[in-house]
Amino acid sequence: MSTAMEPNHAKRRKTQHSREGARKALGAVASSGGLSKSRAFILEADELLEEISLDYGAALEGVDDLLRRIKGSIEAIEPRESLPVTVAASKLEKKHRIRVPFPEPRPAESSNYKVAFAQPAQFNVVGSYVSKTMVKTQKDHSVDMVVVMPAELFQEKDYLDMRYFYKRAYYLAIIAVALQKDFGSDADLSYEYLNGNALCPIFSLRPKLLKDTEAAKEKEAAGLLNYRIRIIPCSPDAVFPKTKLRLGAALLRKGKEEDAEPSPFYNSTLAAEGCFLPYLRLLRQAEKKCAAFKSACILGRVWLQQRGFGGDLSEGGFGNFEWAVLLALLLQGGDSSGHATLSGSLSSTQLFKAMIQFLSVTNFAEKPCVLGAGSADLDSAIELGPVIYDSSRQLNIAFKMNPGSAAQIHQHAKWTRTLLNDTTADQFTPSFILKSDLALQNFDLVARLNFNDEFNGAVNSDCRGKIWGFSDKVYKVLRAALADKELGERARLIHIQNPRYPQWSLTENPSFHNSPVLEIGILFDSVNMARTVDRGPAAGPTAEEKEECDRFRAFWDEKAELRRFERDTIRETVIWNSVSAFDLCEEIMRYVFRLHLRVGHVDDEVTFFGDSFSSLLPFKPTDTSIYYEAKKAFSVFERDIRDLEDLPLHVRNVSPICPELRHASAKPPSLTPSKSGPRPMEAVISFEASGKWPESLVAIQRTKVAFLLMIASLLEKSKPGKIKAYVGLDDAKSEAENLSFLDVVYDSGAAFRLRIHSDLEEILLERQVKDKSLEQHVRTRTTALLATFRRQYTHLPLHGQSISTSATRFPALSPTIRLLKHWFNVHKLAYHFSEEFIELVVLNVFRSPYPWDAPSSASTGLLRALLFLARWDWRSEPLIVDTGGDMPMADRHAIGTRLEAWRKIDPNMNHTVLFVATTHDASGIAYTTIDGHAKPSKVVAARMTALAKSACRLVKEEGVELDPRRLFVPSLKDYDVLIKLNSKLTKSILKTYTTDDPVDGGGDSTGRSKFKNLDERTGQDALPLAQHPTETLLKQLNEVYAGPLVFFHGAAEDATIGAIWNPLMQKRGFRVNLPTSYRPVGKANDEDEGEEEEEDEEKDVVEVNREAIVAEIARIGADLIESIDVKRL
């Protein structure tokens, strides 16, 4: 029997990126007409099995010889006479200085039963080594040898009061004495608990590795593993009557027998001691019956270890052994009639899917799962813990599990089943490659509860240990407080991580190195967790209602109160003071801990993690209402436009296209008058089809200006004094582009920016693109204009609808988008990425959340979005966001084919870098190509990936103690040039008034009176600006110096612009029309430049004049730039 080990992360990543055989097979099939996801899953799983399987001869070289030597040493031990247990232990410790690893409580000095040693009845190697189901990705590789103690050592009543386990511990200590004598110099020897079970100490022998020797280096290069041998004493099969070991029996008696409590854990541990060999035979039979059994067990091992499950008590108590036994029972006789549930002809992937299906529909903590013939009555046993009962061997396989781990594995299986049923998703990577056991990525709230001996009152008498007993009590209290179905479940999952017992020396007693800590993870129900009022049972006159009210008041104590609700119903009620979901959960947990566990009175006893993310970008409870108020204001604006009667055309649509109107802006919309002027929310208006539009792009733009002037005039007349409208001009490069917009400002402070959509404009642009009589540069420019037009008037309105709908469906979507945008801003990446791209990344995490469910908090949403960015291979994989939820597979294949075509046409990715397709935009470039240029460039996209990987690495290393602020610390040392802006002047420029003359500096206060009553701007409202001053400066700098410099900037309020020199622009030969400012540096031969001229002909060599460029930037920025810090030239 072996435990599931933690994965070796470095090797796991290697596995992920080296599946060349599978990739070639997939490519061949895909090129012949497409490949289904289920077929791809099978091919990739087969390749995974091939890669992670061990070469046992090379990896575990010498194991068999070592096992034979150990067996010989144990067989050579002389029998020991029968002595009282305390006397025998004392003599052994004095003579050999080896402790007998008695379980707690240790035998009393007055104990009169005796212990002895005799030759083992049998030796057997069991576990993964025998079944050949080890994998390379295990953190630790162990080979298990069971030593069957002879039946004559035990008496009929030894199953009572831990007598068996005392004799077992003494037997193990005798073996330890012999093995220390024979192997003490060649191996590291220690005790440890079998699967964390304090009743079952075992002996561990790990061969010492020779350091700095040629032989050791050769073995390491050959893949030799640092394995260990575990010696496990066990009882003969049926040494104790099975009927005496039933789950509800009370075998630990402290006083009168009738007062003893049931001891299911003790009973199952004792029953399991005699089941090593029966289960070995069961697994052998399953291997013979089903050829794919081993492979299915390996797939199950990987699936479990990627989610943090294992056979150890601290890992949930469900590992590779439990998976294999459960699968074997389903193959041989899973139902009550004894007939097999699964066919032996199934493949490994089919067996894996069948197991996932079984785990997803069976919650072992809610209903007993009985396997095999027979009808054991276990309904009462379910109250004692999860039950997977093997009728043939009369053992509860799930005795190491607790209700929390049973619920967790059930939940993970449901998520994986959803994944395997999703024919459009990548089923393989989330199932086997993606690591999904980090607490901050799994849970919305993580708490640490310190354990000490003062909590003994919470411990039961089942010999599971003080920590287990306290953990069980904590789970029951939290489940009643947070997962009560009658109140409305606040938490979908409650997980408690118990500390792992360490190994200990043969000369010491077991102990924790540090004070043990319970780690509690809560997965929110995003709808119910923010509820501030819990409505309990109705206060009615019947006895049943009174009993329910009594139970409610007994649990909530002083918090419970009677309140009257609608229809004059009076209910027991609990009112909470906090507002946010995290604060509510923390308040509830602290209250029930103090009330029922008497802990938490000191802040150090309970520590909460996960809420620090919200402090980075404060999420006020009013933010959601502000977004809804913005939508209401837009509805008023739309109605005001539709009510205009003198418009020559009827309004068809007024569509929002800005983040503020889809709950996705980093800052909430401003709906009140501001000193810095209004921030208009953008929208587009389209009219009914009409033949009155001129068939000229230039004339259409002029007509739009006249149309906007008319709308402005009509709006101001319709609501005099309440609306002010201003027509502004866009920074257009040609007359064929959109020239104008309309800013509408309400007296309440809400402002909107309107542009006009003309269907004829798109038709004319399409004609020019297809007109081969035009010059190529004209068609290229028209293609860029057409893409910009479609993005502005087609894609953005549809994108806004998708995000708005999803924000309603997923409450955590909006705050997650805001946090990720803040991350892009802080790291000065926002300038290179459209806001729509960032929103689609987050939306993808919510719509394709595998291997989890959709995030229910901003913190988990952000960390999973960063994980996606870190893992996304954008060079070869498109990001496909099914915004409608109904994208056909044919469209997905077409998008992948389109990306392959782009990479062939543009292998250096100069024009298309990121490929992001949605249901409404299959082109893939609507949100990543702006004005014909890739946004971002390949360099910036690589920096995004590097920063996301660094963030994920930090999350993994720091764990729950992560300070989220470290994820948002920009690294300025990477930039060659830092341009620091004058924030004071920027704010002054934002205050622009109708009386300001742009030629004189606009909002500059120079020449203005210092007295407000003499200032002509006093009492005026500031105008909305066409563009933020910083954005205008950046746009100008990028147009002029995009060749030698790459600029980085965050939000508009960011006061520092970073820049790096383009390393590709090196010294070169002089020629006419160089792309930027150069200076001569000497002479060079033409052959150095790769030109085919005479060898002796020399020409001037020039290099980028970086000093002059920096000086020109300072001149362009003028007073807006405060200083320029040049780190590298």
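Trainee: Is the crossing of H14 and H15 left-handed or right-handed?
Mentor: This is a predicted model. In it, helix H14 spans residues 348-361 and helix H15 spans residues 403-421. Their axes lie 8 Å apart. The crossing of these helices is left-handed.

Trainee: Is H14 oblique or roughly antiparallel to H15?
Mentor: H14 and H15 pack at an angle of about 130 degrees. Roughly antiparallel needs an angle over 145. So H14 is, relative to H15, oblique.

Trainee: How many nonpolar residues does the contact of H14 with H15 have?
Mentor: H14 brings residues including Phe-352, Ile-356 and Leu-359. H15 brings residues including Ala-413, Arg-417 and Leu-420. By class, four residues in the contact are polar and three are charged. The nonpolar ones number six.

Trainee: Which residues in H23 meet H24?
Mentor: On the H24 side, the contact has Leu-760, Glu-761, Leu-764, Leu-765 and Gln-768. On the H23 side, the residues are Leu-697, Ile-700, Gln-701 and Lys-704.

Trainee: How far is the sulfur of Cys-290 from the closest cysteine sulfur?
Mentor: A disulfide needs two cysteine sulfurs within 2.5 Å. The search of the whole structure finds zero disulfides. The closest cysteine sulfur to that of Cys-290 is in Cys-297, too far for a bond, because the distance is 9.0 Å.

Technical notes:
Residues are numbered from 1 along each chain as its sequence is written. This is a predicted model: local features need pLDDT of at least 70, side-chain atom pairs count only at pLDDT 80 or more; totals for chains, interfaces and linings use all residues. Side-chain values use heavy atoms; hydrogens and water are left out. Axes are lines fitted to C-alpha atoms, for helices over the stretch in contact, and angles run from 0 to 180 degrees between N-to-C directions. Helices (H or I, at least four residues) and strands (E, at least two) are DSSP runs, numbered from the N terminus. Angles under 35 degrees count as roughly parallel, over 145 as roughly antiparallel, 65 to 115 as roughly perpendicular and the rest as oblique. A crossing is left-handed if the near helix is turned anticlockwise from the far one by less than a right angle, and right-handed if clockwise. Contact means heavy atoms within 4.5 Å. Ala, Val, Leu, Ile, Met, Phe, Trp, Tyr, Cys and Pro count as nonpolar, Asp, Glu, Lys and Arg as charged, and the others, Gly among them, as polar.
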